[in-house]
Amino acid sequence: MSEPELKRTPLHGAHLAAGARMAGFAGYDMPIQYPDGVMKEHAWTRTSAGLFDVSHMGQARLAGEGWAAAFEAVTPGDFAALKPGRQKYSVLLNDEGGILDDLMAARPDGEGLFIVVNGACKDEDFRFLEARLPAGVRLTRLEDRALFALQGPQAAAVLAAHVPGFVDMAFMDSSAITGFGGVDLIVSRSGYTGEDGFEISLPAAEAARAWDLLLADDRVRPIGLGARDSLRLEAGLPLYGHDVDPSVSPVEADLSFAISPSRRRRGDFPGAARILGELSSAPSRARIALKVLEGAPAREGAVIVDGAGVEAGVVTSGGFSPTLGHPIAIGFAPPALCAPGRRLGVVVRGRTWPVETVALPFVPHRYVRRP
Amino acid sequence: MRFTKDHEWVALDGDIATVGITAYAAEQLGDVVYVETPEPGRALKAGEGMAVVESVKAASDVYAPLSGEVVEANPGLAGAPETVNAEPESGGWFARVRIADRAEYDALMDRAAYDAFLETL
């Protein structure tokens, strides 16, 4: 089943032993679902704690004199002001203000940035960054580290047994601490599900042992990429390569929060003319969120039509929401159509089904901002 | 009951064939959340798409195992698509078809042949 050229994470053997259904994703042989299946895995993450192997993602450190200015040259965030212990969501921008990738950049310690980018783009991202670094700033890829996400209302209680140092961390805090018996970790209180939870970077050599320790807790079950996708869609979080691509600006993608106020004033990021223009007068397309009222799930590529049946937009991610019990979708449409409460349609296999525009997220976030 | 390599099953009663997807197919799909069944009266040709079954993650075509006219679609699947997972080879049937050619049915795999086919996957 698995293609031989696919890479493996340090947890590959554990996934096979657990009976996971594997498939290629971002060049890695990854678990799509375990025997529980997507619906149960999804619900488990929303009610207890789900453990995800996301070691396919790209991890790197950016350090050396001038690292903040170097990173700000390709992102719209204020990284000079990012305090040690904090993490920031950002985007890599091309010269047209389009998004090359989205990422997390954190200051777990005093040593510049810890960066996590999408697995499918990591080689291009790191080459792009390296080509633009001034002398004295260096990017170090952390290919010998695994990455877990532990997500759900029980995640903090579970992690406390293994990583006692995290207790003061709030949402989007990041810390270089030890856990699992002296293993060096980079832990952030963040994730891709809308739940409270943690992303844990650790040495690949320790990954299988730590994975088993976490799964030994009855509150924890392994969760595949299938449920990761349905969870992030309910949380209204974009998936790179589907909801966001190099033609899409942060404003169009509803990611304007990633453009720091100080950077807006300075207007010194790639594509600033376009992006500042879209911020002051609406962009030509905007993020739309749809509740499918009846009929088939509207998936990527489905056409959105207005009340008169005229093509008005396109679905970029869609599927069934296990939490809500009906299909949901996000896409692009003219800003005037995106306000919540509007009746539109989606065309699936030639048939138009009724949808209603709603506000994001579909399922409320439950981040812990004050531990 | 007879079977196809696309994992549909057919049960024949007189000239009425009841069609569904096999337990193997249902297990491979995972949690079924939506089924699009064919309209009664539709003329089917063997091998053409007759229904769509959707899991949380993806949509999959279901092919007509034999030719004929759709006489009934399973009315229970609209409200309870999970029946396809719970009872794939009984209550989770998709459609009843008045078949045109009994030879098409006879040419399909029997249970032993289908089980042997599954062993090769």
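Chain A folds into nine helices and 19 strands. Helices (H or I, at least four residues) and strands (E, at least two) are DSSP runs, numbered from the N terminus. Its radius of gyration is 20 Å, close to the 21 Å that the globule rule gives for 371 residues, so chain A is as compact as a globular protein of that length. The radius is taken over C-alpha atoms, and the rule is 2.2 Å times the number of residues to the power 0.38. This is a predicted model, in which local features need pLDDT of at least 70. Residues are numbered from 1 along each chain as its sequence is written, and chains are lettered from A in the order in which they are written.

- The C-alpha atoms fill a box of roughly 65 × 50 × 45 Å along the principal axes.
- Of the 371 residues, 59% are buried (under 20% relative accessible area, 1.4 Å probe, protein chains only).
- Take the contacts (heavy atoms within 4.5 Å) with a separation of 6 or more: 65% join residues 24 or more positions apart.

**Charge on chain A**
- Chain A carries 38 positive and 44 negative side chains (Lys and Arg positive, Asp and Glu negative; His and the chain ends not counted).
- The centres of the two sets lie 4 Å apart, with each charge placed at NZ of Lys, CZ of Arg, CG of Asp or CD of Glu.

**Where chains A and B meet**
- 13 residues of chain B touch 16 residues of chain A.
- The two chains bury about 1300 Å² between them (accessible area, 1.4 Å probe, lost on being put together, summed over both).
- Carbon and sulfur atoms give 49% of that area.
- On the chain B side, B:Tyr34, B:Val56 and B:Lys57 lose the most area to chain A, together 41% of what that side buries.

Note on methods
Predicted model: local features only at pLDDT ≥ 70, side-chain atom pairs only at ≥ 80, totals over all residues. Heavy atoms only, no water. Buried < 20%, exposed > 50% of the residue type's maximum accessible area, 1.4 Å probe, protein only.
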